[in-house]
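Subject: Structure handover

Hello,

Here is the structure for you to look over. My notes follow below it.

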Amino acid sequence: MAGDHFFLELEPPEERLRDVPHVVIVGGGFAGIHACKALAKADVRITLIDKRNFNLFQPLLYQVSTGLVSRGDIATPLRELVGKQRNVQVLLGEVTDVHPEGKQIVFNGKAYSYDHLVLATGSGSTFFGHDDWRTFAPPMKILEHAEEIRRRLLMAMEQAEQTPDPSARQFLQTVVIVGAGPSGCEMAGAVSELMRWALNNAFKQLDPNKTRIVLVDPGERVLRAMPAQQSEAALASLERDGIEFMAQSRVQTMGPGEVIIGTPDGDRRIQAATVIWTAGVRPSHLGSKLAEATGCALDKGGRVVVQHDFSIPEHPEIRVAGDLSNYSHTINGKPMPGMAAPAKQAGTFIGKDIAAIVANRSCPTFNYFDFGSMAVLDRATAVADLRGLRFSGGVGWLLWAFVHLVLIPDWENRITLSVKWIFALLTQQRSAILLTGMPSQHMALDAVDAHFPMKAGEGVSIAEPDAALKAAMDYYSHQMSRPPLSGQPPTQELLDTSDGSAADSAAAIK
Ligand SMILES: Cc1cc2nc3c(=O)[nH]c(=O)nc-3n(C[C@H](O)[C@H](O)[C@H](O)COP(=O)(O)OP(=O)(O)OC[C@H]3O[C@@H](n4cnc5c(N)ncnc54)[C@H](O)[C@@H]3O)c2cc1C
């Protein structure tokens, strides 16, 4: 804690911050932002580092995927959120390593010093060892994933509109969603609304009733973390929206345009133009880096096991919060769930605790308050279990909307989202369904001399099917030239696995 500990060797914003302790917060998600805010009045200088320049409200990613809201409605620039705080400097870049013995982090390839370190780098998606499935079934963790899912859904619908063959249209209108936790159920409900109602009449050839949405999960019920009563209400709502739930079913393998699913009745092949993955999360790799460097324990999912104040053994100056941590010093001894509200509580506590240490005050104690859980099922229905108080239907939705508006970190997005939700409630309309290309596809073009379909150099045309959809359709055409198995609908066949044609069962998702 000396004069050489500047903001990552840059000048501090105020002279009087030159010799105060340096707090490095890695990750500007729920935990990082709230740690930062809780340190607003403390005599510290804070460097907040994130590899994105915005805070992402992940719980609403599914609304971007289904065109209800736009990317800016669920993301807030970090400089807007905390950049103006007098003791904070926000830096864009990736922290790749931690050297606890020298109290240093490695950022953009250089080592920098800290006095207190808060690691809040969250989690990513996992395909449980089947990373090749990523191309066929995008996960939903970052904005780009949500936009890719939206692009695939919309491109399939555009393609179906120009496809004369009814069975090919059925293929294009089939969506498989893997995972029936909150994200999978929310996605299924929203996809159903988009394909059945929101764009009804806007596509002249599509029959909304031909939309097929299949939700696949190894469990016996949807929303397994919720009480049975809530999960029954959720399933009833999803079924009303025409969603098929395949319980006790695991993905065995997938390829372009098809998923092979192991069910209690044998393996099934579902042919679907769009497949979405919501099945697994894995903590940020900085957890294992920290464990290698300090010997701290990781749980079996790879999260850092933390002490009662979120520090790790023998390193009171290192705290780990949010999805990256396993905090089990709770009343029932169960780890805090990987959700927004616990991450926010952890971040706020850590900020206050560091402020107390720096000011030589007595430290606060952390008491986790479990608000419960909820999941939204369509634009006016949700289920919620709030500390034993259970709600479903419209009341559940009002609660869901209120809680999410409170959690959203900025007022502009709160207001925009409220207006868009009310509008969707009244009209079913979606405005965020623009199909645009990647910048590389049309950087050289302007509106007057652009050809149709727009094409720049070797880039893919915006009006042509994307590579994923094209591969799915090629697969489908090839399959159609083979005789179908008797008695099965064209997009779902019961497979005879005795010849080993379906994928190896050992490859099932664990
Ligand atoms: C689809 C989806 C739906 C969800 N729905 C809900 C819900 O309805 N309710 C709920 O409570 N929770 C929900 N969650 C969970 C919730 O979003 C997370 O628990 C919460 O975001 C965790 O906060 P965090 O601060 O730990 O991490 P995050 O919010 O993920 O933030 C981590 C930050 O760290 C940055 N980062 C990562 N690695 C590095 C690095 N090496 N260097 C620099 N920066 C880095 C990232 O860019 C990111 O900004 C949902 C999550 C998803 C994916």
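Start with the pairing of S1 and strand S9 (residues 116-119): parallel, over four bridges. Strands pair if DSSP finds at least two bridges between them. In that pairing, Val-23 has His-116 of S9 as its bridge partner.

A word on the source. This is a predicted model: local features need pLDDT of at least 70, side-chain atom pairs count only at pLDDT 80 or more, and totals for chains, interfaces and linings use all residues. Residues are numbered from 1 along each chain as its sequence is written. Helices (H or I, at least four residues) and strands (E, at least two) are DSSP runs, numbered from the N terminus.

S1 also pairs with S2, in the parallel sense, over five bridges. Val-26 stands opposite Ile-49 in S2. The chain runs from S1 through H1 to S2, a right-handed β-α-β crossover (clockwise from the first strand over the helix to the second, with the strands pointing away from the viewer).

S1 spans residues 22-26, and five of its five residues are buried (20 or more other C-beta atoms within 10 Å of the residue's own, C-beta atoms being placed from the backbone). His-22, Val-24 and Val-26 point one way, Val-23 and Ile-25 the other. In a regular strand, side chains alternate between the two faces of the sheet.

On confidence: mean pLDDT (the predictor's confidence in each residue, from 0 to 100) is 87 for the chain, and 85% of its residues reach 70 or more. Residues 1-6 stay under 50. Residues 496-510 are also below 50. Where pLDDT is low, the predicted coordinates should not be read in detail.

Best wishes

Note on methods: Contact = placed C-beta atoms within 7 Å. Buried ≥ 20, exposed ≤ 12 C-beta atoms within 10 Å, placed from the backbone.
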